[in-house]
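I opened my notebook to look up a few things in one structure. Here it is, followed by my entries.

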Amino acid sequence: MSKYIKQEMPDIHRNGEQKVYYRLKTERNIDTEEFIRSLHESFKGMNEADITRVMIATADHLSKLLGQGYSVTLNGIGTFKATIGLEKNKELDTLEPQTPQRNAQSIRMKGVNYRADKELIKKASKHCKLEREGIRRIHRSPYSKEERLELALQYLNEHGAMKVMNYVELTGLSRTVATLELKEFRQDPTSGIDFIGRGSAKVYVKKG
């Protein structure tokens, strides 16, 4: 029996609406060894060592094809396609001819997109018998917005720079709401807060 959770969504638009979404509860992770054992139980024609060799060979060949620029479709499983992007801390270039253009050394493979086969979803759905697990609410900040700004400024006075997670710990907001609020502070010229850096290297600082 699978369990689902009714999860409160962040109030991104700050209109007081308490919207929810539903998510499947993950019971635990099945690692490769356990997957092979369970697969062997339903497929006695191969021993576990043979199944392991097939899985390793499949993963190796899949990585090779993805790295060579192919997308790969495995019937009943889905389609895999590599994604690329700039190296960490590299600035985006533009199409303007006078600006420096990125070369291949600045770009690398960033991940793999996966689109599930409809047949896989259909088969999984047959095994999915749901029961309700409960409701998960978002932790709300005990401080007003003005108090949160004051907390942020005090933190910057003491530490000089602040990451989003520091603000989450200070205020009790969710990461999503904290990120949006810091963006609002940065756009407000009277807040006294600015940021430097990009992506994971972004930190918030006091305006000079």
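Is Phe-43 buried, partly exposed or exposed? I looked it up: Phe-43 is partly exposed, because its relative accessible area is 42%. The scale I used calls a residue buried under 20% relative accessible area, exposed over 50%, and partly exposed in between (1.4 Å probe, protein chains only).

Ground rules. This is a predicted model, where local features need pLDDT of at least 70, side-chain atom pairs count only at pLDDT 80 or more, and totals for chains, interfaces and linings use all residues. Residues are numbered from 1 along each chain as its sequence is written, and side-chain values use heavy atoms, with hydrogens and water left out.

Entry: the whole chain. I found 6 helices and 8 strands. Helices (H or I, at least four residues) and strands (E, at least two) are DSSP runs, numbered from the N terminus. Along the sequence I read β-β-α-α-β-β-β-α-β-α-α-α-β-β. Of the 208 residues, 20% are buried.

Entry: around Phe-43. I placed Phe-43 in the loop between α1 (32-42) and α2 (48-67). With Ile-30, Phe-35 and Leu-39, Phe-43 makes a nonpolar surface patch of about 350 Å². Nonpolar side chains (Val, Leu, Ile, Met, Phe, Trp, Tyr) are joined within 5 Å, like charges within 9 Å. Areas come from the Shrake-Rupley method with a 1.4 Å probe.

Entry: the largest pocket. A pocket is an open set of points on a 1 Å grid where a 1.4 Å probe fits, with protein on both sides within 12 Å along at least five of seven lines; lining residues have an atom within 4 Å of a point. I noted about 460 Å³ of space in the largest pocket. The lining has 13 residues, and Phe-35, Met-55, Thr-58, Leu-74 and Ile-77 lie nearest the centre. Which helix gives the largest share of the lining? It is α2, with 6 residues.

Entry: Leu-66. This residue sits in helix α2. Leu-66 is buried, because its relative accessible area is 6%. Leaving aside neighbours within four places in sequence, I listed its contacts (heavy atoms within 4.5 Å) as Val-72, Phe-80, Lys-81, Ala-82 and Val-112.

Entry: helix α5. In α5 (residues 164-171), the buried residues are Val-164, Asn-166, Tyr-167, Val-168 and Thr-171. They pack against α4 (145-159), α6 (175-187) and β8 (203-206). Just after α5, I saw that Gly-172 takes a positive phi of about 85°.

Key
Patch = residues over 30% accessible without salt bridge, like charges linked within 9 Å, V, L, I, M, F, W, Y side chains within 5 Å. Salt bridge = Lys/Arg side-chain N within 4 Å of Asp/Glu carboxyl O. Points joined across faces, edges and corners; volume = space filled by probe spheres on them.
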